[in-house]
Amino acid sequence: RDKREKMQKVEGEKTKQKNGAEGQKPKAWSAPKAKGVVTLRDGIACQWVCEQGAMTVEQLWRAVWWSQESNSPRYAYVRVLFLERSLFLEKIRSPYSLKSFYKATRAAQALAMAGGGTLPLIPLQAPPINQIPHVDVLTEARLAVTRANKVRSSGSGPIREENTVRSCVLT
């Protein structure tokens with residue numbers, strides 16, 4: 001009997017050392033915190049997601065982190081994972097696609113606004129699940145237009161009037 005009481009006392013002291021003072025929750029119950037620094041491009045990525053409603057990692061890579069030297073979205077996966085763990089982005093799944101989409105949180109909207117966005121952001125609203133394929137196609141169209149303007153503007157000569165995109169109508 002004395003041995004059992006001694007064991008319980010030792011176990012109780014070990015628990016106190018792990019958890020701190022009595023009555024506190026163990027550290028394993030607290031929410032995980034992401035360690036890292038939010039970069040300027042992270043803010044731009046949050047702005048893209050706020051404006052589009054939902055985006056995949058591949059779309060974010062092409063919109064924010066793509067360059068001539070980079071031909072893999074691996075770095076974008078790392079940054080999006082950091083943004084998700086930091087509670088800037090939230091993963092959503094669509095039954096219409098195997099892709100994972102990310103929607104913005106209020107923290108992402110605040111980060112995008114703090115980055116000095118040129119246009120006012122669309123109010124924070126995630127698209128309904130049945131509209132995700134539509135959002136996906138619209139994002140692809142915007143990326144194509146953005147890419148075409150970047151390629152055209154990097155040329156040596158001036159842009160001619162007939163080569164510019166005047167309007168884009170999707171039906």
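Visitor: What should I know before I start?

Guide: Residues are numbered from 1 along each chain as its sequence is written, and side-chain values use heavy atoms, with hydrogens and water left out. As the model is predicted, local features need pLDDT of at least 70 and side-chain atom pairs count only at pLDDT 80 or more, while totals for chains, interfaces and linings use all residues.

Visitor: How many aromatic pairs does a search of the whole structure find?

Guide: Rings of Phe, Tyr and Trp (its six-membered ring) pair if their centres lie within 6.5 Å; planes under 30 degrees apart are stacked, over 60 edge-to-face, and the rest tilted. The search finds one pair. Tryptophan 65 and tyrosine 75 are edge-to-face, with 6.4 Å between centres and 85° between planes. Tryptophan 65 is in helix H3 (residues 57–65) and tyrosine 75 in helix H4 (residues 74–85), so the pair ties together parts 10 residues apart in sequence. Helices here are DSSP runs (H or I, at least four residues), numbered from the N terminus.

Visitor: Is tryptophan 65 buried or exposed?

Guide: Buried means under 20% relative accessible area, exposed over 50%, and partly exposed in between (1.4 Å probe, protein chains only). Tryptophan 65 has 5% relative accessibility and counts as buried, whereas tyrosine 75 has 47% and counts as partly exposed.

Visitor: Which ring does the charged end of arginine 142 sit over?

Guide: A charge sits over a ring if NZ of Lys or CZ of Arg is within 6 Å of the ring centre and within 35 degrees of the ring normal. For arginine 142 the ring is that of tryptophan 48, with the charged end 4.0 Å from its centre. Arginine 147 lies over the face of tryptophan 66, also at 4.0 Å from the ring centre.

Visitor: What is aspartate 42 in contact with?

Guide: Contact means heavy atoms within 4.5 Å. Leaving aside neighbours within four places in sequence, the contacts of aspartate 42 include Trp65, Arg79 and Leu111. Aspartate 42 is in helix H2 (residues 40–52) and is buried, at 0% relative accessible area.

Visitor: How do I describe two packed helices?

Guide: By the angle between their axes and the distance between the axes. Axes are lines fitted to C-alpha atoms, for helices over the stretch in contact, and angles run from 0 to 180 degrees between N-to-C directions. The axes of H2 and H3 come within 10 Å and cross at roughly 125°. Residues that meet there include Asp42 and Trp48 in H2 and Trp65 in H3. The axes of H2 and helix H5 (residues 106–114) come within 8 Å and cross at roughly 115°.

Note on methods. Helix = DSSP H or I, 4+ residues; strand = E, 2+ residues; numbered from the N terminus.
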